[in-house]
Amino acid sequence: MRASTTLTASREPRAASREPRAASREPRAASREPRAGQGRAGQGGADGVEGGAAGSPAAAADSTHGLLPPLRVPVGTDPERWQTFRGERLVVAVARTVTSTVRVLDVLRPVLRDDPRVHLVFAFDPTSAFNDGVHALLRSVGARVLPWHQFARTDPDLIVTATENADLTTAHHTCPVLVLPHGVGFHKVVPDARSDRDRLAGVVPEALLRSGRARLAISHPDQAAQLTAAHPATAGRTLLVGDPCYDALLGGRALRATYRAALGITDGRRLVMISSTWRDRSVLGRDPALPARLLAELPLDDYAVALVTHPNITSAHGGYALRSHLGSAHDAGLLTIPPTAGWQATLLAADLLIGDHGSVTFYGAALGTPLLLGAFSDEEAVAGTPMAELGRIAPRLQLDAPLRPQVERALGLGRGAADDTLERLRKVGESAFAAPGRALTRLRTAVYDLLHLPEPENGAPLPLHAPEPPVPQDRPEATTACYVRTSLVEDSPGSARRSGPFTASGSWGAQGSPGSPGASGPSVPSPAEGSPGWGGSGETEGPRIAVERIPAAVVAFSSPSTAPSAVGTGMPQGDAPDGSFRHLSCADDEWDRRWPESASVLVRRATADTAVAADRWIDDTLARYPGCLLAAATVTGRGCRVGLRDGRTVEVSATGTPHEAAVLAAAVYACVRARRPLAGFATLALGDRTEDVELRPARRASQPRPTD
């Protein structure tokens with residue numbers, strides 16, 4: 001096995017002649033570029049012909065002509081007239097795709113920290129199929145951006161890139177090129193931009209390797225041997241750095257609660273994170289409806305679902321189209337994490353990762369996150385690499401089976417002594433990273449070595465920043481339209497009227513599909529014969545009422561096996577075979593007007609100031625929606641007030657954490673359907689949480705007082 005070169009072994013003979021350069025740099029700068037306004041595209045000037053770039057495909061395809069003006073500072077015609085910092089070296093970072101640009105942005109600021117001797121500019125190569133979003137990203141961070149045609153005429157001291165596809169051999173440049181990985185190692189085969197074949201991701205073209213200028217940063221010594229076997233020209237051209245992204249993830253583990261709070265998960269819900277790489281063998285390529293399907297099977301009070309997509313998906317298809325594809329899932333509460341920032345923190349916050357053969361999945365395995373493979377391309381994963389081993393070990397998500405039981409099993413992986421899957425996956429992940437915690441320090445040494453500059457004197461130690469908290473794109477509104485399943489079990493021996501806890505295979509839905517006759521549920525039943533009277537339960541212990549909710553927006557995505565009566569409509573009907581009750585509940589001001597027209601339970605979103613105001617709203621709502629069985633409103637300081645169509649009214653309050661009106665109304669609905677009196681105490685189970693609730697009969701303000 002050939003080891004990586006040391007950081008000093010890669011210095012070129014060029015170093016001996018470079019020292020005087022700093023003093024002579026200014027006069028050269030004045031001759032690098034024609035003055036602004038000269039030589040612009042379409043004006044017959046020198047643009048596109050200097051540096052051998054005139055007839056190159058990159059120059060011909062340079063869509064930035066006339067859009068990105070040439071820079072004058074810190075490089076350009078006469079930069080010394082305008083600059084504040086008189087730098088000694090020029091670093092040009094090549095930006096070609098969003099993925100590669102993010103990697104460079106993440107490391108260069110800390111690496112060049114506190115050093116005004118180094119000028120940094122970005123050169124935008126627009127020739128990639130995934131160039132959309134690159135320039136906007138650079139502008140958003142305040143980077144100075146060179147148009148590609150000007151880059152050919154600059155004279156950098158170092159080129160840094162995380163893309164192997166940029167053409168860095170046609171210009172006159174002779175400086176070193178530091179190539180950073182934009183994923184984990186060299187484990188994937190991708191389409192070759194220069195041919196109709198596939199190639200090993202992360203390896204620069206043969207011409208650049210033969211020039212002796214390229215240095216490939218690697219995260220583990222084994223990668224040097226892999227590269228040498230695949231491309232002998234890489235021998236002696238690797239630099240063992242480590243992985244700054246993995247280091248940041250390790251540093252952020254203690255902030256898991258902070259990240260979960262940023263995502264709005266502070267109530268004990270489990271976070272399922274979906275990570276999809278690009279191409280048709282990815283998670284979304286295999287099943288674009290997977291986010292909606294998960295939201296349709298996992299109760300919203302027990303689970304949250306987040307999605308991270310590879311930047312190439314958005315660059316190729318556009319954010320508008322992607323949001324359209326995910327429309328129902330977004331309406332159901334899907335947390336869409338920007339591909340340029342936030343995925344690291346979301347991964348640290350996740351309880352379960354559903355991934356594929358992308359690097360995010362590998363990072364998750366290395367962190368010990370429970371994992372299911374929603375897709376995995378054995379054709380794209382390079383044999384003999386840790387990624388291929390991960391694909392062999394990790395359990396697969398069966399897309400043709402109900403998802404909830406698989407998720408629940410995956411969340412239990414590693415808890416038993418007999419199952420070591422998580423530990424095996426963690427070891428596979430860790431096998432790709434050497435020198436954890438030191439990547440930025442080693443990278444800084446490499447950069448200054450290639451620049452032939454001493455590292456900053458008396459500089460502060462490099463920070464080890466944890467990932468920033470995630471900020472979901474288009475954060476969804478709180479879900480108000482839900483299909484609710486309730487079951488009621490009496491605590492008194494022999495008095496159980498309904499079955500116990502739900503099973504994962506139970507079906508969902510209201511009594512009918514939206515808009516159909518009878519969709520809002522049955523008429524209000526009277527108390528069962530022989531049951532205690534209206535004034536009290538007559539029991540010392542109340543029932544246990546379990547509540548589960550699924551967003552109405554995704555009920556059509558329910559697994560066929562969990563919705564056996566949904567033939568032809570995509571909407572399950574009737575009560576579940578296990579004896580639990582189902583109904584549709586939504587807010588009165590729900591934007592999708594299908595749901596209020598079909599709901600059994602309508603809830604006032606705004607809190608009422610008084611019971612009288614709540615009763616007026618209840619009367620108006622029941623009159624406006626004839627199919628509605630219950631109307632519920634929260635009253636300031638008095639819990640929830642629920643009015644039935646038959647005139648009965650009940651106040652419901654929880655003894656612990658206040659619940660939203662829809663949940664308390666579901667408890668009333670269960671009692672009504674079970675013909676149980678609306679009075680006394682009950683235990684409300686919402687996911688893994690339980691609260692005591694009290695039901696108290698009340699008189700509606702619109703009803704006359706009883707006469708003596």
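User: Which residues of helix α19 are buried?

Analyst: This is a predicted model. A residue counts as buried when its relative accessible area is under 20%. In helix α19, which spans residues 421-430, the buried residues are Thr421, Leu422, Leu425, Val428 and Gly429.

User: Where do the buried residues of α19 fall when the helix is seen down its axis?

Analyst: They fall within an arc of 125°, so they line one face of α19.

User: β14 is a strand. How do strands of a sheet pair?

Analyst: Strands of a sheet pair through backbone hydrogen bonds, and the pairing is either parallel or antiparallel. In this structure, β14 belongs to an open sheet of five strands with parallel pairing, in the order β12-β11-β10-β13-β14.

User: Which strands stand at the edges of that sheet, and why is one side of each left without a neighbour?

Analyst: The edge strands are β12 (335-337) and β14 (371-373); each has a single partner strand, so one side of each has no neighbour in the sheet.

User: How many bridges join β10 and β11?

Analyst: Seven bridges pair β10 (residues 270-276) with β11 (residues 303-309), in the parallel sense. At one of these positions, Arg270 has Tyr303 in β11 as its bridge partner.

User: What is the strand order in the barrel?

Analyst: The barrel is closed by nine strands in the order β15-β16-β22-β23-β21-β20-β19-β18-β17, with mixed pairing. Its neighbouring strands are turned by 30° against each other on average, direction ignored.

User: Do β22 and β23 run parallel or antiparallel?

Analyst: Strands β22 (residues 680-686) and β23 (residues 689-698) run antiparallel and are joined by seven bridges. Within this pair, Leu684 stands opposite Glu691 in β23.

User: What part of the contacts joins residues 24 or more positions apart?

Analyst: Among contacts in the chain with a separation of 6 or more, 72% are between residues 24 or more positions apart.

Conventions. Residues are numbered from 1 along each chain as its sequence is written. This is a predicted model: local features need pLDDT of at least 70, side-chain atom pairs count only at pLDDT 80 or more; totals for chains, interfaces and linings use all residues. Side-chain values use heavy atoms; hydrogens and water are left out. Contact means heavy atoms within 4.5 Å. Two strands pair if DSSP finds at least two bridges between them. Helices (H or I, at least four residues) and strands (E, at least two) are DSSP runs, numbered from the N terminus. Buried means under 20% relative accessible area, exposed over 50%, partly exposed in between (1.4 Å probe, protein chains only). The arc is that of the directions from the helix axis to the C-beta atoms. Axes are lines fitted to C-alpha atoms, for helices over the stretch in contact, and angles run from 0 to 180 degrees between N-to-C directions.
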